[in-house]
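Here are some friendly notes to read alongside the model. Take them one at a time, and keep the view open as you go.

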Amino acid sequence: MFYVYGSMAEEQPVQFAAGKVREWLEGSNSGGDLSVSLEEDRRCPEEGYRLRRENGGFRIAASDRAGMMYGLLDLGRALANADGRAECVKDRSVTPYIRKRGIKFNIPLDARTPSYSDASDSAFETIPDVWDFEFWQEYLDAMAEYHYNVLSLWSLSPFPSMVRIPKYPLTALEDVMRSVIIPQPEMSGWKMYTEDMKKGLYPVKKMSMDEKMDFWKRVMACAADRCIEVYLFTWNLFVYGTEESPYALTSDQHNPVTKDYVYHAVRAMLETYPLLAGIGVTAGEYMAGDGTDIAFIRDTYGRAVEDCLKCHPGRKIRFIHRMQYAAFHEIEEKFRDFPGTFEISFKYSQAHMHSSVKPQFFPDFIKEHDTETRFWFTLRDDDYYMFRWGDPDFAREYLRNMPVLRMTGFCLGADGFTWGRDYMDRIDQTHPLYIRKMWYKMWLWGQLSYDINCEEEFFAGELECVYGTEGKRLSAVWKKASRIISTFHLVHWHDYDFQWYPEMCCSLEHPPVRKLEFADINEFMACKSMPEGGCISVKEFAECLVEGQTVNVVTPLQIAQIMKQYSEFVLKEVALLEKGCKMGCGLYRLLMDMRALAYLGTYYSDKLKAAVHLCVWRIDPERYQEKEAAVGLLRDCAGHWKMYSSFIKQYYKPQRFARLCSYVDPEYFDRWAELDIQLAENQ
């Protein structure tokens, strides 16, 4: 048996962690009872701990219940990976590397009060889940297990679905509704809920506003019992859900009623939910853009937080202002006299966190802005909606390169896909949490941002424990599979998710038209490399080849060769690892994701080489052999893509993705992969 006693042993987070440890140790060869003594020690850092072996058991010292919880969870994993042998567990002391480690959850509350991701199948399916308390219990347990301590809920217009506003009581929405009509929004978030959608509304759950408020109070209390803070973020300015109210509300910041409504809505939210830890805002999303945007936010959101703090002087509320469409000096100027905690949010890797381990966007920004303000980084993961990612070396180096002394924390998540349950899988109809399906990725980023010094053996041991195969070998294959897209990003770069979705080689052409486009050979030739990523673009490289210039940076052909090596290694190792592996088990599904990534890497590798050859020929038509080489490679590419598309369609349903505003079917692109040959031959 596993016993925990001493200081804080009866605290909810500690009991949760002790229960997880018992679960992990069930069936291990621990050889008897194992006890852990808990000691409160105010010298320990906030949320950190000190672990020591003592009298055949262990002692954990911490200054708070979060530290006790994380200490027990880390001890439990170490024991489980050592098959319960206490003598194999090393003493350790941990100070959290990054203080606030969060998940960005675009929350689909209701068709009438959408989030930015709601024009997607994943959001549509998730609406009932976010009103299911068991969903949140499971979600928050997973977050705590992975060492996240912030849950940020992002919505275009959350207030009508979450709170009754005393001055505007008729904006409160009864019940939870979905619509059979698919939204066709603009990129700003406008038209996410429209009159035609109203005609297709139907209830998925009957709830009064009182029941809704009780529900979210329970969720926030459950989060607190896992040492997780809850934040609410909005995009501005939207008043979805108020269309049927009599108050003449509009999405116009110059409408005095709208301005008053936003102030009272934020104030009611803060008063209703005393456990709400912070508010996040954006200036510019469907706002006037006339210089009054930030002033509007200061006079509504900012004033509401300020007035709440005056009434509750002991309360702590963070106010986080995103940099989207906003001039930094104007933000600082308007909030210079703000009495509470004020911080800035910045997109650290734009929409593609799985690109460079050292993105230069923030360093370039901070060179131009001398400030003492602390930052939150949004880590946008719009690279992986289907495939499981797992590269601890990438995550560790990425985190080590972060300016941790300037930051409070980060929020990790997507815009084009809702991180609720997984409804894309054709085989697994249990619909696990997305963060459980992606458990290794979520655990890597959470664990390493908590303890940057976690060793490779810690992660390899967990893989061996979970999948029952050699952990170091599986880790090596998973790393190579995960580096295929990361490597390609360096030479094929677009800032935003709608401009480039790597799992499907496509983008949304916007503006002036709005249509889904396969990234053809012309796009490969024209695409820029990642800013300061150390690579030269296809076009620049082709010009150097034609002019006979020496290239002293990484070239597209070198990137193509690296991806080909990764892909060949993965395919070889997967073929060996899947021998004797039961079809449909966790290891098998992981290996199939790796196989799919290797097929995709082979396609990208050959297409990138074809782009170089074709670009050289277009610059110098005398080099006809370059065109012939490109055509030959593109014929191979057509076969590579068809293999990839038919393979992944065995396991994943085609989906509508929010930021692509389209239904994406990989087999639909088979014809477009063939047409690349025509483009090369006839242009």
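1. Which helices and strands each supply at least two residues of the lining of the largest pocket? They are α2 (65-81), β6 (100-106), α7 (209-224), β10 (229-234) and β11 (276-281). Helices (H or I, at least four residues) and strands (E, at least two) are DSSP runs, numbered from the N terminus. The largest share, 3 residues, comes from β10.

2. Before going on, please note that this is a predicted model, where local features need pLDDT of at least 70, side-chain atom pairs count only at pLDDT 80 or more, and totals for chains, interfaces and linings use all residues. Residues are numbered from 1 along each chain as its sequence is written, and side-chain values use heavy atoms, with hydrogens and water left out.

3. Back to the largest pocket, which holds about 890 Å³ of space. Of the 31 residues that line this pocket, E46, K100, E229, K316 and R318 are the closest to its centre. A pocket here is an open set of points on a 1 Å grid over the protein atoms alone, where a 1.4 Å probe fits, with protein on both sides within 12 Å along at least five of seven lines; lining residues have an atom within 4 Å of a point. The volume is the space filled by probe spheres set on the points, which are joined across faces, edges and corners.

4. What is the lining of the largest pocket made of? Its residues divide into 15 nonpolar, 5 polar and 11 charged. In this count Ala, Val, Leu, Ile, Met, Phe, Trp, Tyr, Cys and Pro are nonpolar, Asp, Glu, Lys and Arg are charged, and the others, Gly among them, are polar.

5. Now look at the second largest pocket, with about 530 Å³ of space. It is lined by 22 residues, and A78, C88, K90, E455 and F458 lie nearest its centre. Helix α2 gives the largest share of this lining, 4 residues; β3 (49-54), β5 (92-94) and α15 (456-467) are among the other elements that each supply at least two. The lining splits into 10 nonpolar, 4 polar and 8 charged residues.

6. Next, find the open sheet of 5 strands, in the order β1-β2-β4-β3-β5 with mixed pairing. Its edge strands are β1 (2-6) and β5, each pairing on one side only. From one strand to the next, the twist averages 20°. Strands of a sheet pair through backbone hydrogen bonds, either parallel or antiparallel. Two strands count as paired if DSSP finds at least two bridges between them.

7. Both kinds of pairing can be traced here. Strand β2 (residues 34-40) runs parallel to β4, joined by 5 bridges, and V36 has F58 as its bridge partner in β4. β3 and β4 pair in the antiparallel sense over 5 bridges, with R50 partnered by A61. These two strands form a hairpin with 2 residues between them, and N55 in the turn has a positive phi of about 50°. On to β5: 3 bridges join it to β3, and the two run antiparallel, with Y49 opposite V94.

8. Why is β4 described as largely enclosed by the rest of the structure? The reason is that 5 of its 6 residues are buried, meaning under 20% relative accessible area (1.4 Å probe, protein chains only).

9. Finally, the cysteines. A search of the whole structure finds 0 disulfides, a disulfide being a pair of cysteine sulfur atoms within 2.5 Å. For C44, the nearest cysteine sulfur, that of C227, is 15 Å away. The sulfur of C535 is too far for a bond, because the closest cysteine sulfur, in C527, is 12 Å from it. C44 is buried, with a relative accessible area of 7%, and C535 is buried at 10%.

Methods:
Buried means under 20% relative accessible area, exposed over 50%, partly exposed in between (1.4 Å probe, protein chains only). Axes are lines fitted to C-alpha atoms, for helices over the stretch in contact, and angles run from 0 to 180 degrees between N-to-C directions.
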